[in-house]
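Q: I would like to learn how to read a structure of this kind. Please take me through its features one at a time.

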Amino acid sequence: MKELECEYCAAAIKPKKITVEHWYDGNLVIIKDVPVGVCNQCGERYYDAVTLEQLDIIAQERIPVPVMVFATS
Ligand SMILES: [Zn+2]
């Protein structure tokens with residue numbers, strides 16, 4: 001795979017897996033292990049089209065994702 005450059009700071013973009021918090025219809029859907037490119041320098045995230053499409057499908061179908069939230073307040 002070709003090494004990508006950040007369009008803002010030209011640093012290298014590294015593939016990572018992150019947790020995405022996605023609001024849909026007032027409900028927070030948390031999706032884990034989402035593949036994304038993250039800029040080494042500024043932290044800008046780059047999703048590919050397939051990933052975005054998949055996130056949309058997950059949010060719309062509301063596939064239950066069990067997540068524990070630690071409340072600090
Ligand atoms: Zn950058």
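Q: In what order do the elements of the chain run from the N terminus on?
A: Helices (H or I, at least four residues) and strands (E, at least two) are DSSP runs, numbered from the N terminus. Here the order is β-β-β-β-α, that is, 4 strands and 1 helix. This is a predicted model, in which local features need pLDDT of at least 70, side-chain atom pairs count only at pLDDT 80 or more, and totals for chains, interfaces and linings use all residues. Residues are numbered from 1 along each chain as its sequence is written, and side-chain values use heavy atoms, with hydrogens and water left out.

Q: Which way do β2 and β3 run, and how many bridges join them?
A: Two strands pair if DSSP finds at least two bridges between them. Strands β2 (residues 12–24) and β3 (residues 27–39) run antiparallel and are joined by 11 bridges. One of the bridge pairs is isoleucine 13 with cysteine 39 in β3. The hairpin of β2 and β3 has 2 residues between the strands, and aspartate 25 takes a positive phi near 55° there.

Q: How many residues lie between β3 and β4 in their hairpin?
A: There are 5 residues between β3 and β4, and glycine 43 in the turn has a positive phi of about 80°. β3 and β4 (residues 45–46) run antiparallel, with 2 bridges. Valine 38 has arginine 45 in β4 as its bridge partner.

Q: Which residues coordinate the zinc ion?
A: Donors are N, O and S atoms within 2.8 Å of the metal (3.2 Å for Na, K and Ca); water is not among the atoms, so sites may look incomplete. The SG atoms of Cys6, Cys9, Cys39 and Cys42 coordinate the zinc ion at 2.3 to 2.4 Å. The donor residues follow the spacing C-x2-C-x29-C-x2-C in sequence. Cysteine 6 is in the loop between β1 (4–5) and β2, while cysteine 39 is in strand β3, so the pair ties together parts that are 33 residues apart in sequence.

Q: What is the geometry of the zinc site?
A: Four donors count as tetrahedral if all angles lie between 85 and 135 degrees. The angles among the 4 donor atoms of the zinc ion are 98 to 120°, and the site is tetrahedral.

Q: Is threonine 51 buried or exposed?
A: Buried means under 20% relative accessible area, exposed over 50%, and partly exposed in between (1.4 Å probe, protein chains only). Threonine 51 counts as buried because its relative accessibility is 10%. Threonine 51 lies in helix α1. Cysteine 6 and cysteine 39 are both buried too, and buried residues make up 23% of the 73 residues in the chain.

Q: Which residues make up the largest nonpolar core?
A: A nonpolar core is a set of buried Ala, Val, Leu, Ile, Met, Phe, Trp, Tyr and Cys residues joined through side-chain atoms within 4.5 Å. The largest one has 9 residues: Ile18, Val20, Val29, Ile31, Val34, Val36, Val38, Leu55 and Ile58. Two or more residues each come from β2, β3 and α1 (49–61), with the largest share, 5 residues, from β3.

Q: What does lysine 14 touch, not counting residues up to four places away in sequence?
A: Contact means heavy atoms within 4.5 Å. By that rule lysine 14 touches Glu3, Val36, Gly37, Val38 and Asn40. Lysine 14 is found in strand β2 and is partly exposed, with a relative accessible area of 32%.

Methods:
Four donors count as tetrahedral if all angles lie between 85 and 135 degrees; four count as square planar and six as octahedral if opposite donors are over 155 degrees apart and all others between 65 and 115; anything else is irregular.
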